[in-house]
Amino acid sequence: MKKDILVTKASGETEPFSVKKLRRSLEKAKATPGEIDALISELEPRLYKGISTKKIYSEAFRLLRKFSKPHAARYHLKRGIMELGPSGFPFEKFIGKLIEHEGYEVLVDQTVAGQCVSHEIDVIGHKKNELLLVECKYRNRAGIAVDVKTPLYIQARFEDVLAGGQLMQAGKNFSGWVATNSKFTADAIAYALCKGMKLLSWDYPAGNPLREIIDRSGLYPLTCLNTLTRQEKQFLLAKNHVLVRDIYRDEKVLTMAGLTEKRLRQLQDEARNLCNTTNGTEEITSDKFVRN
């Protein structure tokens, strides 16, 4: 076992290769113990000094795909979210879908008058006496964290919008969010905690990060599907589709995207297994996007 191999992270930093980390990420993808052992045994001889974590991921993904496309799709989730680009709008729609799943009425990409100036708000959620404003920070490359400047200026924007009175009504409870597919710096987290701002990233907050919300809800982005080509994914995103469960039964739009009958059936099989569906009835458990 190559415990002394140094690997290069997306940030350029190096760290020792950890088979425990690899095993843990494969377990989160719901790979079986036998699949994990076989994959690691095949992967380890290919490691070398300075190999990038991106290269390790690519090799692990390729090997896992041979065992199970749904497991590979879950393993591809983080990269799949990065494929929601090149613009950040599909990511905004994806976050909107997560909020909508919790019973909120959702508006995406709205211009709202503040007390001083107007502001573009990525996602607005209304439910009974609750109001959510969410600013989305999409990253199409790993290793780029959201620093403290982002919650600083977003807090000021939210305060101006609330003071303007267009959205906020008496008795409503307000929460302001910053959502990213990347990570936050320590200062960004400290500032948000001080100001009562909510943050959501791939691995934050502990106990309810983005990756766990997606896994628990079954709301996977279509970009994590293995059956689709990059061109097909971009076609579907351009048609305002973002979720696996919203497109896999739509044979018309999948045919328009270029899928043959055979690949359409393969996609439906992959999607059903990925979203934990049985006999056409979705068994998706809800979890609170807005908890804590």
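**Helix 6 and helix 9.** I looked up the packing of helix 6 (residues 89-100) against helix 9 (residues 210-217) and found an angle of about 60°, with the axes 11 Å apart; axes are lines fitted to C-alpha atoms, for helices over the stretch in contact, and angles run from 0 to 180 degrees between N-to-C directions. Helices (H or I, at least four residues) and strands (E, at least two) are DSSP runs, numbered from the N terminus. Helix 6 and helix 9 are therefore oblique to each other, on a scale where angles under 35 degrees count as roughly parallel, over 145 as roughly antiparallel, 65 to 115 as roughly perpendicular and the rest as oblique. I noted the crossing of helix 6 and helix 9 as left-handed, the term for a near helix turned anticlockwise from the far one by less than a right angle, with right-handed used if clockwise. On the helix 6 side I listed Phe-91, Phe-94, Ile-95 and Leu-98, which meet Leu-210, Ile-213, Ile-214 and Ser-217 of helix 9.

**Basis of the entries.** I am reading a predicted model, in which local features need pLDDT of at least 70 and side-chain atom pairs count only at pLDDT 80 or more, whereas totals for chains, interfaces and linings use all residues. Residues are numbered from 1 along each chain as its sequence is written, and side-chain values use heavy atoms, with hydrogens and water left out.

**Cores.** I next looked up the largest nonpolar core, which has 44 residues, with Ile-81, Phe-91 and Ile-95 making the most contacts inside it. Helix 6 supplies the largest share of this core, five residues. Such a core is a set of buried Ala, Val, Leu, Ile, Met, Phe, Trp, Tyr and Cys residues joined through side-chain atoms within 4.5 Å, where buried means under 20% relative accessible area, exposed over 50% and partly exposed in between (1.4 Å probe, protein chains only). For Phe-91, leaving aside neighbours within four places in sequence, I found contacts (heavy atoms within 4.5 Å) that include Ile-81, Leu-84, Cys-136, Tyr-138 and Leu-210. Apart from the largest core lies another, of 22 residues, among them Val-19, Ala-29, Leu-43 and Ile-56.

**Helix 2 and helix 3.** I found that the axes of helix 2 (residues 33-43) and helix 3 (residues 53-67) come within 10 Å and cross at roughly 135°, which makes helix 2 oblique to helix 3. The crossing of helix 2 and helix 3 is right-handed, and the residues in contact include Leu-39 and Leu-43 of helix 2 and Ile-56 and Leu-63 of helix 3.

I traced an open sheet of five strands in the order 3-4-5-6-7, with mixed pairing; two strands pair if DSSP finds at least two bridges between them. Strand 3 (105-113) and strand 7 (198-200) stand at the edges with a single partner strand each, so one side of each has no neighbour in the sheet. Five bridges join strand 4 (residues 118-127) to strand 5, and the two run antiparallel; they form a hairpin with two residues between them, where Lys-128 in the turn has a positive phi of about 50°. Strand 5 pairs with strand 6 (residues 173-180) in the parallel sense over eight bridges. I also noted that seven of the eight residues of strand 5 (residues 130-137) are buried, so this strand is largely enclosed by the rest of the structure. Helix 7 (residues 149-164) lies across strand 3, strand 4, strand 5 and strand 6, running at about 145° to strand 5.
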